[in-house]
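Subject: Structure handover

Hello,

Here is the structure I promised you. Please open it first, then read my notes alongside it.

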Amino acid sequence: MSKTIRALTGGHFIGLAAAASALCAAAPAQAAPNCAGPASDTWINITVTNVRNGNGLMAVTLYADDSRRFLVKHGSMYVGRVPATAPETRMCLFVPKPGVYAIAVYHDEDSSQTINRSGMLGIPTEGFGFSNDPPTIASLPAFRSVRLHIGKTNLSTRITLKYP
């Protein structure tokens, strides 16, 4: 038996394995390849369900924990976009740091980078959804119903699109 094998079987192998395991545990997690937004050490994995087709983009908008900025023009932190896939689109969204946020999603089927609306009421003609899947039958959701606590990196959430 060689000296190397004797050393590894004499208990040193266990120490080496423990050290390797500790190094892996200390290494930061890596974000999925389909991430959007300014890169950071914190992200959330999002699965958008009920996607009717793979046309265009899935636009995911991140809002800070501030009801006055929710769904107002220039109120978001940023919009991440990834190619849409049906029946669901999986992606991750970088967030600046752990905290409370709100997420709005729309299926930008024509890749215009704006949500299409119809008539005087401005009702969306493309699919949309929000974090926590609040009801949106008669109106937009209240901010408190879409607040999402992202306490650490690599958490997951599902958002179901609703089409008019």
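In these notes, two residues are in contact when they have heavy atoms within 4.5 Å of each other. Keep in mind that this is a predicted model.

**A buried serine**

Begin with S131. S131 sits in the loop between β9 and α2 (143-146). Is S131 buried or exposed? Its relative accessibility is 0%, so S131 counts as buried. The cut-off for buried is under 20%. Which residues does S131 contact, once neighbours within four places in sequence are left aside? They are A102, I103, S145, V146, L148 and I159.

**The chain as a whole**

Now step back. The protein chain has 164 residues, and 37% of them are buried. It holds two helices and eleven strands. From the N terminus on, the order is α-β-β-β-β-β-β-β-β-β-α-β-β. Next, take the contacts between residues at least 6 apart in sequence. Of these, 72% join residues at least 24 apart.

**The disulfide**

A disulfide is a covalent bond between the sulfur atoms of two cysteines. How many are there in the whole structure? The search finds one. The partners are C35 and C92, with their sulfur atoms 1.5 Å apart. C35 lies in strand β1 (residues 35-36) and C92 lies in strand β5, so the pair ties together parts that are 57 residues apart in sequence. The torsion about the S-S bond is about 90°, so this disulfide is right-handed. C35 counts as partly exposed, because its relative accessibility is 21%. C92 is buried, with a relative accessible area of 0%.

**The nonpolar cores**

The largest nonpolar core has 25 residues. Which of them touch the most other members? They are I46, M58, L93, I103 and V105. The largest share, five residues, comes from β5.

Look at V105 in detail. Not counting residues up to four places away in sequence, V105 touches V48, M58, A59, V60, G127, F128, G129, I159 and L161. There is also a second, separate core of ten residues. Among its members are A59, F70, F128 and V146.

Y101 is in strand β6. Its relative accessible area is 6%, so Y101 is buried. How far apart in space are Y101 and L62? The distance is 6.9 Å, C-alpha to C-alpha, although the two are 39 residues apart in sequence. L62 is also one of the contacts of Y101 beyond four places in sequence.

Y163 is in the segment after β11 (155-160). Y163 and N50 are 113 residues apart along the chain, and their C-alpha atoms are separated by 9.0 Å. Leaving aside neighbours within four places in sequence, Y163 is in contact with N50, V51, R52, H107, E109, E126 and G127.

Rolling a probe the size of a water molecule over the atoms shows where empty space is left. The largest pocket has a volume of about 580 Å³. It is lined by 21 residues, and T61, Y63, L71, I115 and R117 are the closest to its centre. β3 (57-64), β4 (78-83), β6 (99-108) and β9 (128-130) each give two or more residues to the lining. Which element gives the largest share of that lining? It is β6, with three residues. By class, the lining of the largest pocket has twelve nonpolar, six polar and three charged residues.

The second largest pocket holds about 200 Å³ of space. Its lining has 14 residues. I123, P124, F128, T136 and L140 lie nearest its centre. Nine residues of this lining are nonpolar, three are polar and two are charged.

Over to you now.

Best wishes

Conventions:
Residues are numbered from 1 along each chain as its sequence is written. This is a predicted model: local features need pLDDT of at least 70, side-chain atom pairs count only at pLDDT 80 or more; totals for chains, interfaces and linings use all residues. Side-chain values use heavy atoms; hydrogens and water are left out. On a 1 Å grid over the protein atoms alone, a cavity is a set of points where a 1.4 Å probe fits but cannot get out, and a pocket is an open set with protein on both sides within 12 Å along at least five of seven lines; lining residues have an atom within 4 Å of a point. Grid points are joined across faces, edges and corners, and a volume is the space filled by probe spheres set on the points. Helices (H or I, at least four residues) and strands (E, at least two) are DSSP runs, numbered from the N terminus. Ala, Val, Leu, Ile, Met, Phe, Trp, Tyr, Cys and Pro count as nonpolar, Asp, Glu, Lys and Arg as charged, and the others, Gly among them, as polar. Buried means under 20% relative accessible area, exposed over 50%, partly exposed in between (1.4 Å probe, protein chains only). A nonpolar core is a set of buried Ala, Val, Leu, Ile, Met, Phe, Trp, Tyr and Cys residues joined through side-chain atoms within 4.5 Å. A disulfide is a pair of cysteine sulfur atoms within 2.5 Å.
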